[in-house]
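Trainee: Before I rely on the terms used for this protein, could you take me through them and set each one against its definition?

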Amino acid sequence: MIDKKDVEHAASLISAGSSRSAAAKSIGVSLFLLQKAANDYEVTLPKRPTITDRVKELVPRILEDDDWSGHKIAKMLNVSQCSISKALRQLAIETNPVGCPTKMQNRSLEKKQMVLDYLMENGGYIPRVIKELGLNVDAAAVRRYAKEQGIDPTHYRVAYQEYGFWLVLPGPVERVSVADYRVSARCTLCNTEHKVQLTNLRGGQSRMCIDCSRQDKQWLSVKCVETGRVWSSVYQVAKDMNFDLTPQTIRRRIRIHGEYKQDGRTYIFVPRVNKR
Ligand SMILES: [Zn+2]
């Protein structure tokens, strides 16, 4: 004879997700006997909840946290990952390519953050960054989000553009005339920061800071240490020796390292020699 308590216990196991036969087995009877006893005691054996039902119960928790994965849910409910994916689809919960549920709000947050990260790393305009990343996110929403983070997107509009040896830095862009802006830029030859006017950089009038350009004029000739041969300019030596690097790069290397080596020869700057 089965105790009524056992039947009730089996019923609670089924509610919790056990199959009817597993519940019967856990109280040590066959499914047939369990059903018969349930009838006798007028205990309704619940229907086993579907996986979708069980996942549904977890939804508030899934949407709360970011660290849920299909694997984690499957392990928790002791079912296959495949059935979890199916359940999530049925519940219209967005999943990422590896089947992990993602908080819907977080998706848009993620996108906004992606745009901002890209902007801060590469500079540019928000709408262009969105296009470049191929994201479906509103530019105005990204601007609002940036503001919330204390970031001024206009500081990155021209940031990281390179002109000659200048590298434009992120920061306030100050309008000085209709089409000219004053920005901060680093002279990459000597690593100093300067306020420069963008049109001078864009027009090529300024390629480096004043100090470097003064030095550049003084030290323009190049000497090969090993042979003693002197060229009037980096351009000449690059042409003569068939260097694969551009004269600008070679000049930059000599400036930074004090010398430039190629094919076992060392080239250095020497005071300007005039061609005769
Ligand atoms: Zn400089």
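Mentor: Let us begin with pairing: two strands pair if DSSP finds at least two bridges between them, and strands themselves are DSSP runs of E with at least two residues, just as helices are runs of H or I with at least four, both numbered from the N terminus. By that rule β8 and strand β9 (residues 265–270) pair in the antiparallel sense, with three bridges between them, and K261 stands opposite T266 in β9. Please keep in mind that this is a predicted model, in which local features need pLDDT of at least 70 and side-chain atom pairs count only at pLDDT 80 or more, while totals for chains, interfaces and linings use all residues. Residues are numbered from 1 along each chain as its sequence is written.

Trainee: What makes β7 and β8 edge strands of their sheet?

Mentor: The sheet is an open one of four strands, ordered β7-β6-β9-β8 with antiparallel pairing. β7 (230–231) and β8 (260–262) each have a single partner strand, so one side of each is left without a neighbour in the sheet.

Trainee: Why are β3 and β4 described as paired, and how many residues lie between them?

Mentor: DSSP gives three bridges between strand β3 (residues 174–177) and strand β4 (residues 180–187), which run in the antiparallel sense, and the definition asks for at least two, so they count as a pair. The two strands form a hairpin with two residues between them, and E174 of this pairing stands opposite R182 in β4.

Trainee: Which residues of α1 are called buried, and why are they said to line one face?

Mentor: A residue is buried if 20 or more other C-beta atoms, placed from the backbone, lie within 10 Å of its own, exposed if 12 or fewer do, and partly exposed in between. V7, A10, A11, L13 and I14 are the buried residues of α1. Taking the directions from the helix axis to the C-beta atoms, these residues fall within an arc of 160°, so they line one face of α1. The face turned away from that side carries the exposed residues K5 and S12. The buried residues of α1 pack against α2 (20–26) and α3 (31–41), where contact requires C-beta atoms, placed from the backbone, to lie within 7 Å.

Trainee: What puts the buried residues of α5 on the same side?

Mentor: In helix α5 (residues 70–77) the buried residues are G70, I73 and A74. Their arc around the axis is only 100°, which puts them on the same side of α5.

Trainee: What makes a group of residues a nonpolar core, and which residues have the most contacts inside the largest one?

Mentor: A nonpolar core is a set of buried Ala, Val, Leu, Ile, Met, Phe, Trp, Tyr and Cys residues joined through C-beta atoms within 7 Å. The largest has 24 residues, and V115 and W166 have the most contacts inside it. Among the elements that give it two or more residues are α7 (104–122), β2 (166–168) and β4. Leaving aside residues up to four places away in sequence, W166 touches A185, C187, V196, L201 and M208. Another core, of ten residues, lies apart from the largest one and includes A10, A11, L13 and A24.

Conventions:
Contact = placed C-beta atoms within 7 Å.
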